[in-house]
Amino acid sequence: MVATGPILSLLVLSLALTSASLRVELPKNSSLDVGNPELQSQSYYTISGLRRLAVEFFAQYQNITMSDLAQDLYGDKEMRLPTTDDLRCLADLQTLAIDVSNRKLWALRMIDSWGTFPSGILYGNLIDLGNFDECLGIDHAVTATHNIQGKYCLSKLQLAPSISTYLALKTAVCFPASCSAAHMDTMLRRLLQNLLSIELNPEVTLVSESSCKTADREPYDALTIFTIVVLSILCVLMVLATVCDYLVCQDDQPLNKWIRAFSARANCRVLFRLVQPRSNPNVIDCLHGIRVLSFMWVVYGHIYLVSIFGPNINFVKLDTWSRSPYSMLLQHAAYSVDTFFFLSGLLMVVIALRAMERTKGKLNVSLMCLHRYLRLTPVLALAIIVYMSILPRMGDGPLYGKVNFDDYTRCKDTWYWTLLYVQNYATDDICLSHSWYLGVDMQLYIIAPVLLICLYKWGKRAAAGILVAMLLLAACLFSIMVIGDVSLMAASQGAMRKIYFSTHTRASPYLIGILFGYFLHVNRGKSFKLSPIAVVLGWLTSLALLFSCLYAVYGYALDAEIPPILEEAFYLTFTRIAWPLGLCWVVFACMHGYGGLANSFLSSPLWQPLSKLSYSAYIFHMFMESLNAGITRTNTYFSDYQVMLRFWGDFGFTMLLAFAVYILIEAPFGNLEGLLLPAKRPCPPRPAVEESTEAPVGCSLSAPTLEIKSPLPA
């Protein structure tokens with residue numbers, strides 16, 4: 001039996017990774033087993049014996065009349081006169097019925113595109129998508145001025161009142177486009193009630209307009225035209241600059257800095273320039289690998305969400321999957337967020353403290369914040385308008401727009417909160433749900449100069465104060481959960497806003513990164529001689545911390561239970577400290593020669609281009625996943641291997657899209673920002689932690705340098 005607990009844990013996973021669940025109706029307090037004893041077995045037996053629904057439909061409505069079309073035209077309640085839409089729909093249905101009997105090809109195609117009641121219902125196959133393109137491809141000319149076009153809809157039949165509507169049977173139907181969803185609902189309801197001899201719940205709609213699609217497309221609105229114009233201008237600038245780069249460089253002449261800013265050739269040199277490990281003692285080579293692997297973990301988790309809520313033929317197997325040890329890697333993929341907070345705090349401190357030493361403690365806070373805002377915002381601003389205007393027009397399919405991570409239309413009302421980086425507090429309707437991290441990271445970045453000044457002036461005493469602050473914030477998280485009975489696993493009301501999106505509850509990994517960065521700064525150039533036993537203990541402790549975060553609640557998953565709020569509070573509070581502590585050893589060991597194979601893998605130069613693309617890839621990866629999920633036209637089979645196959649396709653196209661965004665937006669605007677910001681003094685030779693980190697605060701920023709930017713999770 002598919003229990004509620006594991007499915008709710010998947011809901012928690014979806015909330016944790018995207019800040020908002022996929023746009024599907026999730027089961028609430030109901031059995032999720034399509035084989036539940038409460039299932040009306042007689043209804044199921046009758047359904048299994050039916051012919052194709054399209055055949056049953058046209059057998060009953062061979063001589064369709066207006067009384068068949070709309071239930072409120074005739075009856076005991078208020079009556080109304082037929083409308084023009086009613087008459088047009090009736091005429092098209094009558095034409096269709098006649099041409100079906102005459103075996104006309106266009107009419108047979110409309111029947112042929114219908115779905116059936118799916119086989120394997122008791123195995124979890126609850127949907128038949130029919131043939132979407134066949135239905136929408138129907139365009140039969142009746143007269144010189146009137147055509148009958150196909151209208152594809154997904155009808156929904158609830159098997160029993162005790163079962164969630166999420167587990168209702170769904171099958172495709174195809175009607176003339178002149179008919180509304182209400183017309184279809186009325187006719188299908190009467191048909192099924194006659195065939196099954198049951199009274200269907202009038203409050204549950206069989207066919208809704210939101211599930212219907214036609215071949216007609218809305219004309220481009222002003223925002224879409226604006227987006228296309230902006231992208232076209234950027235493409236033209238990139239092409240012209242690249243052509244100039246090739247022509248000028250052939251004669252060995254220096255390229256104008258403004259042209260170089262937009263040149264794809266120059267920006268690709270920066271992107272694909274590989275630095276060999278240990279070529280610079282100030283570079284932490286392993287961070288590239290950690291960042292890219294964490295981002296891949298994010299994408300992999302989102303792919304699982306898309307797959308879980310897709311048209312699977314084996315839904316009942318999700319229970320077995322949710323109890324497997326492997327599933328814990330996905331159900332707790334939100335720790336990638338803590339990884340990125342840790343990296344942000346670490347790199348910010350190491351870079352800034354070295355710059356402050358050269359400037360004798362001076363820190364240009366306004367330029368520091370402006371620099372970060374200008375580096376992050378162009379890509380984010382483009383993403384908002386692209387998700388709003390381009391994504392809805394990029395593809396089509398029976399599920400297009402149904403399996404999304406967000407309702408991007410709400411960006412019309414909340415986009416400015418996102419660009420101000422206060423979306424995690426200012427609104428419950430975040431424009432791009434995964435941008436909540438940018439808000440938290442920016443707020444921590446704005447507070448960070450206070451901590452930097454304290455560390456520079458008071459050293460270890462300031463570090464002790466930061467440690468105390470981190471523990472107090474952890475206690476704050478614990479108190480909010482216990483006193484307010486706020487649970488992520490049980491999906492409490494407002495849980496995401498209170499303990500997941502909020503900066504004060506997410507600061508612990510960032511502060512640990514700051515403390516670890518200060519430790520590295522103080523001990524730079526120092527050689528640590530550790531015994532083999534100490535190294536083994538370090539790795540065992542680190543792995544124990546990391547795996548404890550992943551599997552500490554595995555017992556509850558096996559029993560399909562949600563832990564008590566006190567245990568969940570302890571778990572969430574301590575894991576947000578334990579995870580970055582485990583990463584501290586990984587980074588330390590790789591830096592000082594105790595990483596072994598881990599360091600060889602994480603420090604490979606091949607990670608560097610992907611690492612530089614991680615910001616654009618993070619912002620746009622949901623674009624690719626929503627697109628690929630929406631264009632699905634057939635049922636799928638859920639398994640770990642199938643998801644892996646899907647992951648590599650989505651990840652590959654995400655990186656290609658990220659490369660295009662990098663060449664068009666991220667690199668050019670980063671270069672322009674470096675040219676336009678006021679120059680305080682020439683930059684010293686780069687002692688950066690890594691090539692993609694920002695230039696020292698307060699100096700003029702050279703065009704090719706790129707900031708670490710939030711290493712960016714979900």
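I began with a rule I needed: two strands pair if DSSP finds at least two bridges between them. I also noted that strands (E, at least two residues) and helices (H or I, at least four) are DSSP runs, numbered from the N terminus.

**Ground rules.** I am working with a predicted model, where local features need pLDDT of at least 70, side-chain atom pairs count only at pLDDT 80 or more, and totals for chains, interfaces and linings use all residues. Residues are numbered from 1 along each chain as its sequence is written, and side-chain values use heavy atoms, with hydrogens and water left out.

**Strand β3 and its partners.** I looked up β2 (residues 139-141) and found three bridges joining it to β3, in an antiparallel run. D139 has Q149 of β3 as its bridge partner. Five residues lie between β2 and β3, and the two strands form a hairpin.

Next I checked β4 (residues 169-176), which runs antiparallel to β3 and is joined to it by eight bridges. Here L154 stands opposite A172 of β4.

Then I turned to β5 (residues 213-214), which pairs with β3 in the antiparallel sense over two bridges. K151 has T214 of β5 as its bridge partner.

**Is β3 enclosed or open?** I counted a residue as buried under 20% relative accessible area (1.4 Å probe, protein chains only). Eight of the eleven residues of β3 (residues 147-157) are buried, so this strand is largely enclosed by the rest of the structure.

**The whole protein.** I noted 29 helices and five strands. Of the 714 residues, 57% count as buried. With contact meaning heavy atoms within 4.5 Å, I looked at contacts between residues at least 6 apart in sequence, and 79% of them join residues at least 24 apart.

Key: Buried means under 20% relative accessible area, exposed over 50%, partly exposed in between (1.4 Å probe, protein chains only).
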